[in-house]
Amino acid sequence: MSLDPYKVLGVDKSAGPEDVKKAYRKLAVQYHPDKNPGDKKAEEKFKELSEAYDILSDPAKKSAYDTMGSETFYRQGTDGRGYTAPDLDATVLNFKDILRNFGVALDFGFANEDGGGGGDFDFMGKQRPRGRSFRGEPPPRPLKGQDLEYHIRLSLRDAALGTKVTVSVDVPVACPKCGGSGVVTSGSGLRSCPDCGGERQVTRPQELSAKIPAGAVDGQRHRLAGKGGPGEHGGPAGDLFLVVRVDHDPDFRRVKNDLFTEKRISLYTAVLGGQAEVKSLTGRSSIKVPPGTQNGGRVRLKGKGVSPAGGKEGDLIVTFKVMLPVMLTDEARDLFARLSELAPVEGLDSGD
Ligand SMILES: [Zn+2]
């Protein structure tokens, strides 16, 4: 299709860039599809306007058109390969969307028209809330941004005692290239934004710090308000949820706020009693082993478990595992035989 861009925009050949821009804006508003819903003709006209603007706003294209004439220009273009109109159909799915966003742009452009030098489209490169729609249209409903989830792995100790985490999360942000409009207008008319492909958002890694309070459990979610995806049409940003995953710990097993651990002691400490050192969350604790401690016997250390802020204080429960000597000399074996007579185990026959 070849069109006469001067005719389409209603300007003559002596029109300067400002005249072209002004004419384009005026007509683009008139034929804007949001203003003419379902009107195929208006949509077609709007495309023609974009094409005409594409040619006349680009000095190289304008001069080629002027010297070659319409037919040759469309066949040869400025590079011998023919003229290609702005590729609006490449983003058919987003078409309405793009137009609506462009509507915001137009609105903004008019607001600045008297400002001298303002009213250009380069503001689209800046991020701004898209709360307003095309002039005269009700503004689109503000939408809250997407909620995001990010899993954090914590050691049992960090989860129990509380910790500060710093994570790098890929968060969607309004595309900086197009200012979240999905379209760019640089030089050659209206185009789908090359950076976000018309999606209006791109992801960027973002460093976030959060304090995880003491007593966090596996699967617990921590909300970072407003750290999710960007809102649309002036809506608030979504939230980011940090989901806690607690790693297995070689020393402790946690049940609610209690911690369970195992302590190996020798037969002699078990029989005679003594001291033993056990690992606790914050270091080591010395505990007393009562004489006659059985294998599997337990002691409970009050308050040495998990203590969530404002929650019930847990205990550390130590289970003793009694270890026996296995390499016995003849003399030692004789002594054990002797002991079995001197100190029989209560309730058991010597054959058991
Ligand atoms: Zn973009």
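**Helix α3 and its setting**

Modeller: The secondary structure of the protein chain comes to nine helices and 13 strands, where helices (H or I, at least four residues) and strands (E, at least two) are DSSP runs numbered from the N terminus. The model is predicted: local features need pLDDT of at least 70 and side-chain atom pairs count only at pLDDT 80 or more, whereas totals for chains, interfaces and linings use all residues. Residues are numbered from 1 along each chain as its sequence is written.

Burial comes next. A residue is buried if 20 or more other C-beta atoms lie within 10 Å of its own, exposed if 12 or fewer, and partly exposed in between, with C-beta atoms placed from the backbone. In α3 the buried residues are F46, K47, L49, S50, E51, A52, Y53, D54, I55 and L56. What covers them includes α1 (5–9), α2 (17–30) and α4 (59–68). Across the protein chain, buried residues make up 26% of the 352 residues.

In soluble globular proteins, nonpolar side chains tend to be buried together. A nonpolar core is a set of buried Ala, Val, Leu, Ile, Met, Phe, Trp, Tyr and Cys residues joined through C-beta atoms within 7 Å. The largest such core here has 16 residues, and those with the most contacts inside it are L9, V20, Y24, L49, A52, Y53 and L56. The elements that give two or more residues to this core are α1, α2 and α3, and α3 gives the most, with six residues. At L56, residues up to four places away in sequence being left aside, the contacts (C-beta atoms, placed from the backbone, within 7 Å) are with P5, L9, V20 and K62. A second, separate core of 15 residues includes A159, A216, V246 and L259.

Two strands pair if DSSP finds at least two bridges between them. An open sheet of three strands has the order β1-β7-β6, with mixed pairing. Because β1 (148–154) and β6 (221–224) stand at the edges with a single partner strand each, one side of each is left without a neighbour in the sheet. Strands β1 and β7 (residues 240–246) pair in the parallel sense over seven bridges, and Y150 has L242 in β7 as its bridge partner. Elsewhere, β9 (residues 258–266) and β13 (residues 316–323) are parallel partners over eight bridges, whereas β12 (residues 298–301) and β13 pair in the antiparallel sense over four bridges.

G229 lies in the loop between β6 and β7 and is buried, with 20 other C-beta atoms within 10 Å. Its C-alpha atom is separated by 7.3 Å from that of L148, although G229 and L148 are 81 residues apart along the chain.

Methods: Contact = placed C-beta atoms within 7 Å.
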